[in-house]
Amino acid sequence: MHEFSIASEIVNHVLEAAQKNQGKKVLSVQLEIGELTLLNVEQVTFWIQELFKGSIAENTKIKVRRIKARIACEACGYRGKGRSNQEDFSSHFALLNCPRCKSFQIKIEKGQECLLKRIQATR
Amino acid sequence: MKIIKSKGPEIFDIELEKDLLSKNRSLAKANRKKLDRLNITAIDVMGSIGSGKTSLIKALIKKLNRGEEVGVIAGDLTTTIDADRIQEEGARVIQVNTGKECHLDANLIRQAIDQMKLEGVKFLLIENVGNLICPGEFPLGAHKRVVVTSVTEGPYMILKHPYIFKQADVIVLNKIDLAKAMKVNPSQLERDAKQINPKASFIKTNALSGKGIDQVIRALGL
């Protein structure tokens, strides 16, 4: 959804952090993206690589770990993985419900993150 | 002989742990705190393009009959058309033009709140950019969120955009007088809404005639 703006923010943070630490070349960037965000991982990595071109982070390796969704059911108190009533939308939180009591009254505990975890660089 | 070997470039890690989506959430929390301090109830009015968000806001102000107690932040890519229309009802309006962005965000609302004269204002209605996708991921700090859709958008709008309807406290189905002409069954849309979001109130309105507006006022606690 907002892949381009998120990618540019990531790029700015990476280059700023590398510069602050006298990095000469950025070797890898590690991200963690929740499966319930409206972010398409392929688009995010594509834009990061595009925006890195011509910088000290050109051709850097981008590693993305997906964070699985975890829910808490407000109706029966269940905590854990959610259940989806539509296979195509398994990662869509609006369609997630409680696997124990089927209620849609759930809270998201995990899966909405977009984390820039760490970068690796040479000095 | 002692040989000093070059170690080559030193490789090091920089831990960042930065959540890029959390910035908006923390700004939204700050907005909420500020509004609470000022004793203002804020409503985020989201909805499709042309569903009647501005008409609903106008109808709410008219029905409340206390224009001077209402502040409105009107969000659009460009123009002041909505702000001008709302001003006719006697409310204080500030137009936020997002330029290219398809949603309002907490930072824009922070600036708007700072710039508005809010003395005497009890209710702040925030008209989001017409869009059933992006505003869902950007909370603004409002106390309640209403999503407006209308029968002229066809019978599948709610099922196709579950994310935003899931976050609504109130779901408004507008232009209800046109349901028959559009061959749309409002009860089916209500069932779709209840399945996705059992907690939200579902209200059928005709913002132009005023039908259902009382119910919206009650549901929003205005």
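Reply: E3(B) and E4(B) run parallel and are joined by 6 bridges. Within this pair, Ile73(B) stands opposite Ile94(B) of E4(B). E3(B) also pairs with E5(B), again in the parallel sense, over 5 bridges. There, Gly71(B) faces Leu124(B) in E5(B). E3(B) is mostly covered, since 6 of its 7 residues are buried. The model is a predicted one, and every value here is computed from it.

In chain B, 7 strands form an open sheet with parallel pairing, in the order E4-E3-E5-E2-E6-E7-E8. Its edges are strand E4 (92-97) and strand E8 (201-204) of chain B, each of which pairs on one side only. On average, neighbouring strands of the sheet are turned by 20° against each other, with direction ignored. Strands of a sheet pair through backbone hydrogen bonds, either parallel or antiparallel.

Further along the order come strand E6 (residues 144-150) and strand E7 (residues 170-174) of chain B, which pair in the parallel sense over 5 bridges. In that pair, Thr149(B) stands opposite Leu173(B) in E7(B).

Helices pack on this sheet. One of them is helix H2 (residues 53-64) of chain B, which touches strand E2 (41-47), strand E3 (70-76), strand E5 (123-127), E6 and E7 of chain B. The direction of H2(B) makes about 165° with that of E5(B). Another is helix H4 (residues 106-115) of chain B, which touches E3, E4 and E5 of chain B. The direction of H4(B) makes about 145° with that of E4(B).

On the H2(B) side the contact is made by Ala59(B), Leu60(B), Lys63(B) and Leu64(B), and on the H9(B) side by Ile213(B), Asp214(B), Val216(B) and Ile217(B). These residues divide into 6 nonpolar, no polar and 2 charged.

Thr79(B) is found in the loop between E3 and helix H3 (81-87) of chain B. Its phi is near 75°, a positive value in a residue other than glycine. Thr79(B) counts as exposed because it has 11 C-beta neighbours inside 10 Å, where the limit for exposed is 12 or fewer.

Gln22(A) has a positive phi of about 55° although it is not a glycine. Gln22(A) lies in the loop between helix H1 (3-20) and strand E1 (25-34) of chain A. With 9 C-beta neighbours inside 10 Å, Gln22(A) is also classed as exposed.

Chain B meets chain A in a contact that takes 29 residues from chain A and 23 residues from chain B. On the side of chain A, the elements that give two or more residues are H1 and E8 of chain A. E8(A) gives the most to that side, with 9 residues. The residues on the side of chain A divide into 14 nonpolar, 9 polar and 6 charged.

Strand pairing also links the two chains. E8(A) and strand E1 (residues 11-19) of chain B pair in the antiparallel sense over 7 bridges. In E1(B), Ile14(B) is the bridge partner of Ile119(A).

Cys114(A) lies in strand E8 (residues 114-122) of chain A. Cys114(A) is buried, because 21 other C-beta atoms lie within 10 Å and the threshold is 20 or more. Leaving out residues up to four places away in sequence, Cys114(A) touches Ile6(A), Ile33(A), Gly34(A), Thr37(A) and Leu39(A), and in chain B Asp19(B), Leu20(B) and Leu21(B). Cys114(A) and Cys73(A) are 41 residues apart in sequence and 23 Å apart in space, C-alpha to C-alpha.

The domains of chain A complete the picture. Chain A is divided into domain 1 (3-68 + 111-122) and domain 2 (70-109). The C-alpha centres of these two domains lie 30 Å apart.

Key. Residues numbered from 1 in each chain as written. Chains lettered and ligands numbered in written order. Predicted model: local features only at pLDDT ≥ 70, side-chain atom pairs only at ≥ 80, totals over all residues. Domains from an automatic or database assignment. Pairing = 2+ DSSP bridges. Helix = DSSP H or I, 4+ residues; strand = E, 2+ residues; numbered from the N terminus. Axes fitted to C-alpha atoms, helices over the stretch in contact; angles between N-to-C directions. Contact = placed C-beta atoms within 7 Å. Nonpolar A, V, L, I, M, F, W, Y, C, P; charged D, E, K, R; others polar.
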